[in-house]
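Q: Please take a close look at one helix packing in this model. I would also like to hear about the aromatic pairs.

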Amino acid sequence: MSASASLRVVPVASKADLGQFIRVPATLLGDDPNWISPLLLERTLHLGAKTNPWFEHAHQQGWLAYRGDKIVGRISAQVDDLYLERYGDATGFFGMLDAEDNQETYDALIAAAEQWLREKGIKRVRGPLSLSINDEVGLLVDGFDTPPVFMMGHAKPYYGARIEQAGYTKAKDMLAYMIAPDFPVPKVMNRLLAKFMPRIKVRPLDTKRYNEELTVLRDIFNDAWSDNWGFVPFTEAEFKDLGTSLKLLVASDLIQIAEVDGVPAAFIVALPNVNEVIKRFNGKLAPFNWVKLLWGLKKRFPKSSRVPLMGVRRSFHNTPLGPGLAFLVIDAVRHHLVARGVKQVELSWILEDNDGMRNIIEQIGGHDYKRYRVYERTIA
C-alpha cells in the first residue's frame, strides 16, 4: 500500500472493530524478533466494559487508522473520573498507540484522541497509559534489544520520535531494573535490620484467608503509593479482579507480607514471566495452549520473573525501617524464585526520581535496562 493512499481514522464501534484494534500490534511489530504477542483473550477482557472494573469509574474510546483498505494504526483515549476527583487538573490520557512510520498517521490518530478528550473538558493529555496508571504505563524509549516481560510494553524506536513531532514532551520516565535473585546481602543492610528484627515477621500470603489477604495488600498498596506521581488508588472491585489473576498465576510463597509488631506493613508480588511460555502462541489460547501454559507455570517454571507490585506503608517512609522492610520482602521472595530456578527478576516500573528505591535495588546488584516514557501536551 502506497504511503500516498488516502488516510482515514474511524472510531472503534463494534465487536469486529475491537478485534481489529487488538490485532494491530501483530501487524506493526510482528517482524520484530523481540516482540511477544499478548494473549488476545486477555486483551479482549481488558478492553471490555463488562469484564474490566476500571470502566466503573472511567471512559475510553478507540480509533483505527486506515490507509486505503489497510489498517495502519490505532489509538485509545481515556478519562478517569477517580483521577479527576483526586487531582482536579483536567487531565485525560491516550494509550495503545501503534502506527506505521508515517507522521501523517500519528498526527491523525492523536488529533482524533485529543478532539474526543477536548469535548469532555480535558485540557492536558498524558500517555501512553493502557488503560491506567495501574496497567501498562509509558512508551519504551530505551531497551529495544530484549523482549518485554509479562504485562510490559514493547515498541519500535520511531514511536517516540513521532509522538514528539506531534507536539508531546516528556512528563516522566520510568525504569525497569533487572537483577539476579541470588545476590549477596549487603553488610549495611544486615547492620540496619539487626535492631529491628525482633519486631518484624515476614510471611507468605495465607491462601485460607485469601479475600482478607487481598484487602491487606490493597490497603498497603494504596497507602504506600498515595504520594507517587499520577497515583490513582485501586478500587475494591479492581483489586478483586487482579486477585483472580494472581490466584491463577502466582503461588502463595511468591507473595510475601512483612508485619511490624503484628501489623502488615509491606508486601511484594513476584509473577512468573508468562511471556516465556506464550511467545510461540501468537496471542491464541487454544485448548492445547492452555495445557502448555499451565505446564510452563507449574512444571517448568520460567527462568525469569517480574515484580509488578510492592509497597511499604507511608508511616515507614523516610525512616530507617523503611528501606529495611523493602529489602526484607525482596529477600523473602527471591529465595523462592531461586528454588524454582529463576535466573533474572525484573523490578518494574520504578520512577526515575525514586532515589530511595533505586538505591536499594542498585545496592543488591540491579541495573536499569529499559526506560519507559510518559508524554504530555496541553490542548486547551
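How are H6 and H11 oriented to each other?

A: This is a predicted model. Helix H6 covers residues 187-194 and helix H11 covers residues 321-339. Their axes come within 10 Å and cross at roughly 115°. Angles of 65 to 115 degrees count as roughly perpendicular. H6 and H11 are therefore roughly perpendicular to each other. Their crossing is left-handed.

H6 contributes Met189, Leu192 and Leu193 to the contact. From H11 come Pro323, Gly324, Phe327 and Leu328. By class, the contact of H6 with H11 has six nonpolar residues, one polar residue and no charged residues.

Now the aromatic rings. The count comes to 13 aromatic pairs. One of them, Phe94 with Tyr168, is edge-to-face. The centres of these two rings lie 5.5 Å apart, with 75° between the planes. Phe94 sits in strand E4 (residues 91-99). Tyr168 sits in the loop between helix H5 (158-165) and strand E9 (169-179). The pair thus links distant parts of the chain, 74 residues apart. Phe94 counts as buried because its relative accessibility is 2%. Tyr168, at 3% relative accessibility, also counts as buried.

Tyr106 and Tyr158 form another pair. Their ring centres are 6.4 Å apart and their planes lie at 85°, so this pair is edge-to-face. Tyr106 lies in helix H4 (residues 103-118) and Tyr158 in helix H5, so the pair ties together parts 52 residues apart in sequence. Both Tyr106 and Tyr158 are buried.

Finally, Phe221, Trp225, Phe234, Phe239 and Trp349 form one aromatic cluster.

Terms used:
Residues numbered from 1 in each chain as written. Predicted model: local features only at pLDDT ≥ 70, side-chain atom pairs only at ≥ 80, totals over all residues. Heavy atoms only, no water. Axes fitted to C-alpha atoms, helices over the stretch in contact; angles between N-to-C directions. Helix = DSSP H or I, 4+ residues; strand = E, 2+ residues; numbered from the N terminus. Parallel < 35°, antiparallel > 145°, perpendicular 65-115°, else oblique. Left-handed = near helix turned anticlockwise from the far one by under 90°. Contact = heavy atoms within 4.5 Å. Nonpolar A, V, L, I, M, F, W, Y, C, P; charged D, E, K, R; others polar. Phe/Tyr/Trp six-rings, centres within 6.5 Å; stacked < 30°, edge-to-face > 60°. Buried < 20%, exposed > 50% of the residue type's maximum accessible area, 1.4 Å probe, protein only.
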